[in-house]
Amino acid sequence: MKEAVLMQGNQAVAEGALAAGVKFCAGYPITPSTEVIEILSEKLPSHGGRFIQMEDELGSIGAVIGASAAGKKSMTATSGPGFSLMQENLGYAAMVELPIVIYNAQRVGPSTGGATKPHQADIMQAKWGSHGDSPRIAVMPGSVKEAYEITVKAFNLSEKYMVPVVILMDELLAHMRESIVIPDKEELEIVDRRRDALPEDKYLPYKIDETGLPVLPPLGGGCRYNISGMIHGEDGIPDLTPSTIDANVRRINSKLDKYYDDIVMLENEKNEKAKTALFVFGSTTRPAKGAVKKAKEAGVEVELIRPITIWPFPEKELKEIAERVDKIIVAEMNLGQTAGLVKQAVEGKAEVIQHNRVDSGHISVEELYEKIMEVSS
């Protein structure tokens, strides 16, 4: 029987990245994510990889993109202010379709905010931080165990769909410790990017087949290609004709729609008797489950909704849930970043009620229970 290991959330991210096959990490220390780069700086060399501390977060994500172009699974770790600095290069990675993973342990903001205090207020930045229609995936673990598992999944999604993936946690989960059982390597699904490009004399990096995805072998490995953040044609060379602009922008964004069912992960404790649903994510998951249980004991049935993938937002699933409940409580440690998304998804079929906390305190079982009883009376 496998032994359980006491592990911190940040440690679980680092160990999950190693299990996924990360070979390069560049980062700059920032609370509350620093443990990730500390662990990887120590362990990557023994896993055939390299770590470099950069001068800042702009340099960090630039180095990560370069390592990915060389064919290495690459990541960086940061928090709110550093994540803000990475946005331009996040858009660049999305445009040139190089897979990278960015871990963001959210803290109180804006600006320097509160380095040791939790928030969940980088959700919109995770999707819309860089200009233009910039595709990226964002996932949100709800426990230390899931932090390990979802980090592996983040690398898989990035490599499979050639897109940046953001792992969003918050300070509570980043520094929480719990006992988890680490799976054996053979139990994990590990995905690597395609490398089956045509020979160099026939190779066009952005000539797309029925998958809708480019095949970009490592630079220096036999296939020469151009990487440009400008709109480009099949050869990767900048091309600003209207038809190319339209095709380029539509295709890089359509990947998320085409593979929605594989990308979007949602925990839904379906309850046909419930007329109220509770929508939570991240570190609020456990308090929410406690509140749902407590409400049931008091005779009130509640359905739990927890997006694990926050981008693409699980609109299809929410539309279905809104057909059977009257009210959806959206509880989050911000001023309502996902509440608006829920309202948009349900299209008025259910009332959306906000429960927001921004004082850096965690959302508790008791306050969620009281909110459930208030709206259910």
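Gln 8 stands opposite Arg 177 in S8, within a pairing in which strand S1 (residues 5-8) and S8 run in the antiparallel sense over 4 bridges; strands here are DSSP runs of type E of at least two residues, helices are runs of H or I of at least four residues, both numbered from the N terminus, and two strands are taken to pair if DSSP finds at least two bridges between them. The model is a predicted one, in which local features need pLDDT of at least 70 and side-chain atom pairs count only at pLDDT 80 or more, whereas totals for chains, interfaces and linings use all residues. Residues are numbered from 1 along each chain as its sequence is written, and side-chain values use heavy atoms, with hydrogens and water left out.

In a regular strand the side chains alternate between the two faces of the sheet.

An open sheet of 5 strands has the order S9-S11-S10-S13-S14, with mixed pairing. Strand S9 (266-269) and strand S14 (351-356) stand at its edges, each with a single partner strand, so one side of each is left without a neighbour in the sheet. S9 is joined by 4 bridges to strand S11 (residues 302-307), the two running antiparallel, and Glu 269 stands opposite Leu 304 in S11. Helix H12 (residues 315-322) lies across S9, strand S10 (276-279) and S11, running at about 175 degrees to S11, while helix H13 (residues 339-346) packs on the sheet, touching S10, strand S13 (327-332) and S14, with its direction at about 170 degrees to that of S14. Such angles run from 0 to 180 degrees between N-to-C directions, with axes fitted to C-alpha atoms, for helices over the stretch in contact, and contact means heavy atoms within 4.5 Å.

Leu 240, in the loop between strand S8 (177-180) and helix H9 (242-258), is exposed, with a relative accessible area of 53%.

Definitions and conventions:
Buried < 20%, exposed > 50% of the residue type's maximum accessible area, 1.4 Å probe, protein only.
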